[in-house]
Amino acid sequence: MTGWFGQAVWRHQLDLSALFGPFPTDPSAWGTVLVGVLALDLLAEAEFHLLLPWLEQVSPWLADRYLKNAVSPTGTTEYLRVAGSAVIVAPLVEEFFMRGLMYQRWAHAWNRPVLALLVTSVLFALPHGHVINAFILGVVAILVYVETRSLWAPIGMHAIGNAITVSGGLPMEAGFELATGGTSSGVVVGWLSLIVSGLLLAWLLIPITQDHSTLVASSR
C-alpha cells in the first residue's frame with residue numbers, strides 16, 4: 001500500500017503540502033477535534049449498551065463482528081504494538097488514503113462532494129466491526145478536514161479516539177452515575193450517551209454542512 005501511495009503521488013504529482021494542509025494552531029480547531037472525539041466515544045458507548053445486546057439476541061455472528069475490533073492488550077510489548085498500530089499507523093494511513101486521496105480525488109472528479117463523502121465513509125466503515133460508529137467517524141473526519149483545511153485535524157481526532165479505546169475508553173458509566181447521583185443501568189447509560197452524542201454531532205456538523213460549496217478541503 002505504501003508503494004502504491006508513493007507511485008500515485010509521483011505519477012499525479014500531488015502536492016502533499018496542499019493535501020495535508022498547515023498544522024492547525026487555532027485552539028478552536030482542536031476544540032472541534034475534541035468535541036468530535038467525545039461525540040464518537042459517546043456513540044460507541046450507546047452502541048455497546050443498546051445495539052450489541054440486541055445483536056446478541058437476533059444475530060450472534062453480527063455481535064461477534066461488532067466486537068472484532070475490541071482490543072485488550074496484555075503485557076507491555078503487546079500494548080506498545082497495539083498502541084503504535086492504532087494510535088500512529090492507522091490514523092496516518094487511513095486518513096491519508098480515505099480522506100486525503102480518495103475523498104479529495106472523487107470530490108473533484110465527480111463535482112459531487114457530498115456523494116464522495118458518503119461513498120468514502122461507507123468504504124471506510126465496511127472493514128470495521130462497529131460499522132455505524134466507523135461510518136460516522138468517516139463523515140466527521142471529512143467535515144473536520146474541510147472545516148480546518150488541514151488533514152492533521154482528522155488525524156489527531158482519529159489518534160486521540162484510538163488512544164482512548166486502547167486505554168480502556170472513557171469512564172462513561174462512572175461519569176453518568178456521578179452526574180445523576182446514583183447507579184444507572186446499561187440501557188439508561190446507552191440512551192443518555194446517544195442523546196448527548198447526537199447533540200454534539202449536530203452542533204459540530206450543521207454549521208459545516210450548511211454550505212456544500214466548501215466541501216472540498218484543498219486544491220490538488
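Mentor: Start with helices: they are DSSP runs of H or I, at least four residues, numbered from the N terminus. By that rule, Trp106 and Trp110 both lie in helix α5. They sit four residues apart, about one turn of the helix.

Trainee: Where do the numbers come from, and what kind of model is it?

Mentor: This is a predicted model; local features need pLDDT of at least 70, side-chain atom pairs count only at pLDDT 80 or more, and totals for chains, interfaces and linings use all residues. Residues are numbered from 1 along each chain as its sequence is written, and side-chain values use heavy atoms, with hydrogens and water left out.

Trainee: Okay, aromatics. How many aromatic pairs are there?

Mentor: Five. Rings of Phe, Tyr and Trp (its six-membered ring) pair if their centres lie within 6.5 Å; planes under 30 degrees apart count as stacked, over 60 as edge-to-face and the rest as tilted. Phe23 and Trp152 form a tilted pair, 6.3 Å centre to centre with 50 degrees between the planes.

Trainee: Which parts does that pair tie together?

Mentor: Phe23 is in the loop between α2 (16-20) and α3 (27-58), and Trp152 is in helix α8, so the pair links parts 129 residues apart in sequence.

Trainee: And what about Trp106 and Trp110, stacked or tilted?

Mentor: Stacked: 5.1 Å centre to centre, 10 degrees between the planes.

Trainee: Switching topic. His158: buried or exposed?

Mentor: Buried, because its relative accessible area is 3%. Buried means under 20%, exposed over 50%, partly exposed in between (1.4 Å probe, protein chains only). His158 lies in helix α8, residues 152-166.

Trainee: What does the His158 side chain make a polar contact with?

Mentor: The side chain of Glu95, at 2.7 Å. A polar contact is a pair of N or O atoms within 3.5 Å; within protein, one must be able to donate a hydrogen and the other to accept it, and residues adjacent in sequence count only if both atoms are side-chain atoms.

Trainee: Which residue does Glu95 form a salt bridge with?

Mentor: Arg99, with the closest N and O atoms 2.7 Å apart. A salt bridge is a side-chain nitrogen of Lys or Arg within 4 Å of a carboxyl oxygen of Asp or Glu. The structure holds one. Glu95 and Arg99 are both buried. Both lie in helix α5, four residues apart.

How values were computed. Helices (H or I, at least four residues) and strands (E, at least two) are DSSP runs, numbered from the N terminus.
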